[in-house]
Amino acid sequence: MRRERSTPRPGWQKIIADQGMCFDTPAASADGSMRPYWDESVHYVFEMDEVLSIEASVEVLHSMCLEAVENVVLTERYRDFGLPEWSWPHIEKSWRRSDPHLYGRFDLRYDGRRPPVLLEYNADTPTSLLEAAILQWYWKTDVFPADDQWNSLHEKLVERWKEIQDQLPGNEAHFTWSSADTSGEDNVTLAYLQECAAEAGLNTVGLAIEQLGWDRDLNRFVDLEEAPISTLFKLYPWEWVLDDEFGKYAAESLPETMWIEPLWKSLLSNKAILAVLWEMYPGHPNLLPAYIDDPHELTEYVRKPKLGREGANVTIVGAGYETQTGGVYGEEGYVYQLLDPLPQFDDMRPALGAWIVGDESAGLGIRETSGLVTDNGAAFVPHRIPQ
């Protein structure tokens with residue numbers, strides 16, 4: 001694994017805009033100056049054996065996560081996750097029904113010298129998908145046409161939609177996001193997933209989650225045309241849904257209205273799952289020691305809110321120093337994870353986002369930052385595998 005520089009393609013801004021990238025929130029360089037969020041002036045290079053090893057680790061982590069959900073449901077350990085008590089039986093029913101899941105992103109620390117370790121699992125509302133599936137593939141094709149890339153995301157997403165069609169209540173799927181997202185990132189991700197579903201043969205409708213209606217006569221969610229919604233893909237966190245007045249309707253409407261990602265993913269997208277994994281698989285080479293609400297033996301650690309997002313409200317305690325980020329999370333409690341700083345390449349720290357689609361590893365996206373926390377100031381950079 002190494003970081004290399006290359007000359008951006010002439011007119012790269014228009015190229016990625018034509019490919020669907022319609023937001024450009026700037027990122028930050030090591031010296032604090034602004035850089036493009038999509039930055040093709042640098043990229044990472046992997047050997048094939050590295051990729052095969054990480055790919056295998058991702059599928060092991062995925063199977064471990066499913067076992068962890070089974071453990072939580074079996075022991076009714078929901079209180080550790082800070083989710084409302086009324087939602088617990090609905091989570092269990094969603095898991096026991098095997099409500100279909102689509103995708104997720106494992107955020108990993110990897111330096112090319114030892115096995116990747118799990119930092120957290122974005123199992124419910126992962127973004128940076130268009131960048132990983134489409135933008136970096138066309139970059140590789142244009143700039144390094146003879147090389148390969150860990151990237152079968154598009155094909156597997158379309159295939160996964162085809163696989164789960166029989167589990168859906170109908171052939172129409174609504175796709176929803178929050179209009180409160182002003183960056184455009186959620187919109188880009190949702191539009192791409194909607195395109196994949198349409199390619200798989202589903203009829204798709206897009207609308208903001210604020211436009212969802214509840215028909216008290218039909219006891220169903222309806223769209224702007226007052227048509228019943230049978231399948232609803234949401235790019236909106238389950239913990240926010242459950243905290244809303246419509247949350248009980250969402251849980252009680254299952255499975256007549258099938259929500260994707262499923263309700264049981266609310267356990268996997270919660271940082272508490274890191275501690276459950278460590279309890280179940282202590283010493284596993286792809287895990288870091290993690291505990292709920294107490295650091296135990298850890299003297300250097302990262303304290304993360306169970307329901308935190310985008311690196312908010314994270315406290316890092318190291319040898320002789322302590323730093324923290326701001327935000328609005330933490331009332332639900334924290335998870336303490338061993339501090340294992342991201343490796344440095346040219347003063348930047350890459351976090352590997354390894355994608356899973358269905359139950360198969362599907363690709364890699366890399367975001368890098370100069371700090372210890374991968375936050376919304378990180379840049380997305382492509383990768384390649386020399387042939």
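# Cysteines, cores and a buried strand

Student: How many disulfides does the count come to here?
Tutor: The model is a predicted one, and the count of disulfides in it comes to zero.

Student: What is a disulfide, in general?
Tutor: A disulfide is a covalent bond that links the sulfur atoms of two cysteines.

Student: Is Cys22 buried or exposed? And what about Cys196, buried or exposed?
Tutor: Cys22 counts as exposed, because its relative accessibility is 61%, whereas Cys196 has a relative accessibility of 0% and so counts as buried.

Student: Changing topic, which residues touch the most other members in the largest nonpolar core?
Tutor: That core has 71 residues, and those touching the most other members are Phe46, Phe106, Leu108, Leu267 and Leu352. Helix α2, residues 48–75, gives the largest share of this core, namely ten residues.

Student: Where does that core lie relative to domain 1 and domain 2?
Tutor: The core lies between them, because domain 1 (2–270 + 343–384) and domain 2 (289–338) both give residues to it. There is also a second, separate core of 42 residues, which includes Trp38, Phe175, Tyr192 and Ala208.

Student: Back to Leu108, what does it touch?
Tutor: Leaving aside residues up to four places away in sequence, Leu108 touches several residues, among them Ile54, Val58, Leu61, Pro116 and Leu352.

Student: And how many residues of strand β5 are buried?
Tutor: Seven of the seven residues of β5, which spans residues 103–109, are buried, so the strand is largely enclosed by the rest of the structure. Both of its faces are covered, with Tyr103, Arg105, Asp107 and Arg109 buried on one side and Gly104, Phe106 and Leu108 buried on the other.

Student: Which strands does β5 pair with?
Tutor: β5 pairs with β18 (residues 349–357) in the antiparallel sense over six bridges, and there Arg105 stands opposite Trp355. Five bridges also join β5 to β6 (residues 117–122), again antiparallel, with Glu120 in β6 as the bridge partner of Asp107.

Student: Last one, what does Met48 touch?
Tutor: Met48, which is found in helix α2, touches Asp148, Ile385 and Gln387, not counting residues up to four places away in sequence. The C-alpha atoms of Met48 and Arg384 are separated by 9.7 Å, although these two are 336 residues apart along the chain.

Note on methods. Residues are numbered from 1 along each chain as its sequence is written. This is a predicted model: local features need pLDDT of at least 70, side-chain atom pairs count only at pLDDT 80 or more; totals for chains, interfaces and linings use all residues. Side-chain values use heavy atoms; hydrogens and water are left out. A nonpolar core is a set of buried Ala, Val, Leu, Ile, Met, Phe, Trp, Tyr and Cys residues joined through side-chain atoms within 4.5 Å. Buried means under 20% relative accessible area, exposed over 50%, partly exposed in between (1.4 Å probe, protein chains only). Helices (H or I, at least four residues) and strands (E, at least two) are DSSP runs, numbered from the N terminus. Domain bounds come from an automatic or database domain assignment. Contact means heavy atoms within 4.5 Å. A disulfide is a pair of cysteine sulfur atoms within 2.5 Å. Two strands pair if DSSP finds at least two bridges between them.
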